[in-house]
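Subject: Structure handover and notes

Dear colleague,

Please find below the structure that I promised to pass on to you. My notes on the strands, the helices and their packing follow it.

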Amino acid sequence: MIHNLTQHTLDNEHFFQAKDFQALQSMFLQNVGHELRTPLSIILGYAILLHEETLGGLTPKQQQATTHIIGYIQKLQTLIEQMDVLLAAEMRRGYQEPLLLSDVVHDVLETKKLSIQQAGLTLSLETAEDIPVIFGDEQHLSQAIRCLLDNAIKFTPRNRQIGVQVYEDAGHVCVAVSDMGIGIDADELRRIFTPFYQVDGSSARRYNGLGLGLGIVRAVVDEHDGEIEVDSQIGDGSRFTLKFPVTRPVTQVKELSSADSAAQTTWRVLIVDDEENVVNVLQESLSSLPGCEVFTATHAHQALRILEQTPCDLLVTDYRMPDMDGLALASRVFQLYPETPVIVISAYIDKMLEESNRLSSIQQILNKPVDLIRFRHVVLTVLSGNTMGSEQANGE
Ligand code: ADP
């Protein structure tokens with residue numbers, strides 16, 4: 001029914017593009033999460049006060065009731081947290097930085113030791129040495145690995161083993177979580193990554209869970225341009241392997257750009273920021289890329305004048321600027337030169353994201369202060385023609 005209504009809106013009113021609808025849906029879920037968070041933490045606060053008998057003595061039955069209330073509120077809080085990660089990963093709004101996946105795995109395992117022990121399981125951990133760096137969002141990757149571990153713990157009977165391996169394979173850093181649990185039917189494998197899907201969806205299901213875990217895993221893997229492999233046999237256990245592309249070191253990026261620049265001798269990049277120091281730093285960081293010619297402006301009108309004389313392959317603009325801000329400039333550039341991709345740099349990302357959803361020419365939104373390695377990586381990716389989703393780092 002809902003599907004038909006959506007179809008009707010799309011077909012007949014031409015009001016929302018599918019992309020806009022998805023963005024609206026994500027924004028709606030995000031707002032709901034946001035609106036629920038505060039009342040839930042207040043309810044939890046009062047429930048704890050009651051439970052601790054700060055507000056007066058309780059009978060054993062009342063104690064039991066407050067324990068249940070606290071448990072369910074915490075479950076709802078986990079759901080909201082997981083929804084947040086799912087939405088952020090789907091919108092590629094994580095902050096990516098160079099990191100070692102083995103460190104992330106170690107940190108997650110540290111928090112899971114007790115549950116593994118309580119579930120009567122043993123853990124085997126194998127981490128290869130000299131694992132290369134990947135570009136990733138630590139919080140999102142941790143959440144994905146945590147979800148895989150939670151499932152391995154949940155679906156494996158006592159006295160068995162779960163395994164975690166981190167290794168490199170064919171240009172990817174891989175993390176595999178394996179268990180000796182109940183396994184998954186082959187027919188179910190393509191469905192289990194759908195958010196809220198559970199193989200046993202009956203009300204009498206034996207295992208707790210929200211059905212969001214593997215949806216998060218998939219979203220986080222997509223966010224990192226990675227791959228997932230699942231190997232499972234009913235009764236024998238499952239193995240989930242996540243594969244993330246190894247980050248090219250900057251020197252290799254340079255080699256790549258010189259090879260590319262043989263085909264296209266020059267990429268022209270225009271950097272606009274009202275703070276001259278920022279312009280200088282960004283210009284400097286691109287100067288080491290062969291075949292990259294950088295133009296600079298300290299306000300939007302100057303940028304437009306430069307573009308009139310010299311078509312550019314990429315516009316990098318600050319958001320907050322006097323007279324005309326970065327989004328207004330991006331929108332003007334889109335009207336005049338629709339093929340020119342734009343990277344926006346801002347310390348006000350939340351507000352920006354709402355507004356920038358309307359502009360398809362914006363390839364990437366970067367947080368201020370800019371991580372220069374990330375900046376170079378993003379510039380090269382956009383110049384080499386790969387489109388990127390909007391992405392957010394933590395606000396300043
Ligand atoms: P849930 O909260 O139900 O675990 P997930 O999205 O993490 O939600 O997983 C979806 C479904 O996939 C689970 O309900 C379960 O049926 C199946 N599943 C996931 N991981 C495993 C595993 N390691 N072993 C067996 N079944 C699994």
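Predicted model: local features only at pLDDT ≥ 70, side-chain atom pairs only at ≥ 80, totals over all residues.

**The parallel sheet**

Strand E10 (residues 314–318) runs parallel to strand E11, and four bridges join the two; here strands (E, at least two residues) and helices (H or I, at least four) are DSSP runs numbered from the N terminus, and two strands count as paired if DSSP finds at least two bridges between them. Residues are numbered from 1 along each chain as its sequence is written.

E11 (residues 342–346) is mostly covered, with five of its five residues buried, a residue being buried if 20 or more other C-beta atoms, placed from the backbone, lie within 10 Å of its own. Val342, Val344 and Ser346 point one way from the strand, whereas Ile343 and Ile345 point the other way. In a regular strand the side chains alternate between the two faces of the sheet.

**The mixed sheet**

A further open sheet has five strands in the order E2-E4-E5-E7-E6, and its pairing is mixed. Its edge strands are E2 (122–127) and E6 (227–233), each of which pairs on one side only, and the twist averages 10° from one strand to the next. Strand E5 (residues 172–179) and strand E7 (residues 237–245) run antiparallel and are joined by seven bridges, with valine 175 partnered by leucine 242 of E7. Helix H5 (residues 138–154) lies across E4 (161–169), E5 and E7, and runs at about 20° to E5.

**Helix packing**

Helix H3 (residues 60–90) has 31 residues and reaches 45 Å from its first C-alpha to its last, close to the 45 Å expected at 1.5 Å a residue, the expected span being 1.5 Å times one less than the number of residues. Its buried residues are Gln82, Met83, Val85, Leu86, Ala88 and Ala89.

H3 packs with helix H6 (residues 213–223) at an angle of about 30°, their axes lying 8 Å apart. The two are therefore roughly parallel to each other, a label given to angles under 35 degrees. The contact (C-beta atoms, placed from the backbone, within 7 Å) involves Gln82, Val85, Leu86, Ala89 and Glu90 of H3, and Gly215, Ile216, Ala219, Val220 and Glu223 of H6.

H5 also packs with H6, at an angle of about 145° and with the axes 9 Å apart. Residues making that contact include Ala144, Cys147 and Leu148 of H5 and Ile216, Val217 and Val220 of H6.

With best wishes

Methods:
Buried ≥ 20, exposed ≤ 12 C-beta atoms within 10 Å, placed from the backbone. Axes fitted to C-alpha atoms, helices over the stretch in contact; angles between N-to-C directions. Contact = placed C-beta atoms within 7 Å. Parallel < 35°, antiparallel > 145°, perpendicular 65-115°, else oblique.
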